[in-house]
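Hi there,

I am passing on the structure we talked about, so please open it and keep it beside you while you read. My notes follow below.

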Amino acid sequence: MNLPNFSKKWIYGSLLAVLLLSLYYPLFSFTQVPANMVQENRLSEYMFAYVQVPIIVKNALVEEHSFPLWNKWTWSGTPYLGIPNKFIFYPGFLAFIFLPTFAAILNYSLLFHVLLAGVGTYWLGKELFDSDEAALISTLVFLSSGFFFGALSAGLVDWTYGAAYVPWFYLFLFKLWREPQKISYALLVAVTLALEFYTGMVQYFLYDLLMIPIFFLFFAVTGEKTPLKQNLGKSILLMALVGVFMLGLIAPKLLPDLAYVSLSNRQILPPTVNF
């Protein structure tokens, strides 16, 4: 029996929702972090790295009417502005800091990124395959993969935050390749990269940044015919435009990060030991 497209979408969507709820239902709690995170012995790390952040930010905003740039409670004092892997300035985290408990802040910020990753993966699959079934399968595979669900289950909050933007990055990059006349796609690629940077997952940011010239070169050689494939100069110009937009967005955090590196020993290579 051939089902109407509308009915098929509802059936596939409902099936996907049931499967994902079976994976992510522990995140709906306001009072407890998922048990598997505790079993993985990550709760002490939460207490150390994550619990203090919303408390410090809320106290500073409510009591001091300022945004905290320094953490005086950890390692005899560490800067929030200057260390790349701190996500204190990430909008997707700040939006949840006024929830009543740490468990609610953690769980619902993660749920938001699960939804964000799912929608982005669906639209990317739709763009690539022009098929609802393929897009839904892609979404299920990504959200249940070790790369995404495995990181979330292990309590790697910043990994989950950063991974949610990976499908959006490639979606907007494909859009830019196919419709280079729409400069808004260059801006959206830059915004996605900037959000990855602010999540503290600089690794994802650097990997995706390196993928831009590789992507353009690969599709220039093998991809479909588009205006960019016939105009190498315009491809280079668009990549430069993405870079300018992106640098403008991350500069408020990037410049202090670079300045702090010169004050730390992070840039010094460890000594070679011969055995």
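How are α5 and α6 oriented to each other? Before the answer, two notes on the source: this is a predicted model, in which local features need pLDDT of at least 70 and side-chain atom pairs count only at pLDDT 80 or more, while totals for chains, interfaces and linings use all residues. Residues are numbered from 1 along each chain as its sequence is written, and side-chain values use heavy atoms, with hydrogens and water left out.

Now the answer. Two packed helices are described by the angle between their axes and the distance between the axes. Helix α5 covers residues 102–129 and helix α6 residues 132–143; they pack at an angle of about 140 degrees, with axes 8 Å apart. (Axes are lines fitted to C-alpha atoms, for helices over the stretch in contact, and angles run from 0 to 180 degrees between N-to-C directions.) The two helices are therefore oblique to each other, since angles under 35 degrees count as roughly parallel, over 145 as roughly antiparallel, 65 to 115 as roughly perpendicular and the rest as oblique.

Which residues make the contact (heavy atoms within 4.5 Å)? Among them are Val114, Ala117 and Phe129 of α5, and Leu136, Phe142 and Leu143 of α6.

Stepping back to the whole chain, there are 12 helices and two strands. Helices (H or I, at least four residues) and strands (E, at least two) are DSSP runs, numbered from the N terminus. Starting at that end, the order is α-α-α-β-β-α-α-α-α-α-α-α-α-α. Of the 275 residues, 43% are buried, where buried means under 20% relative accessible area, exposed over 50%, and partly exposed in between (1.4 Å probe, protein chains only). Among contacts with a separation of 6 or more, 68% join residues 24 or more positions apart.

Lys253 sits in helix α12 (residues 232–261) and, at 1% relative accessibility, counts as buried. Not counting residues up to four places away in sequence, Lys253 touches Leu81, Ile83, Pro84, Lys86, Phe89, Phe197 and Tyr198.

Ile56 belongs to helix α3 (residues 43–64) and is buried too, at 13% relative accessibility. Apart from neighbours within four places in sequence, Ile56 is in contact with Pro68, Asn71, Trp73 and Tyr80. Ile56 and Phe67 are 11 residues apart in sequence and 9.3 Å apart in space, C-alpha to C-alpha.

Happy exploring!

Methods:
Contact = heavy atoms within 4.5 Å.
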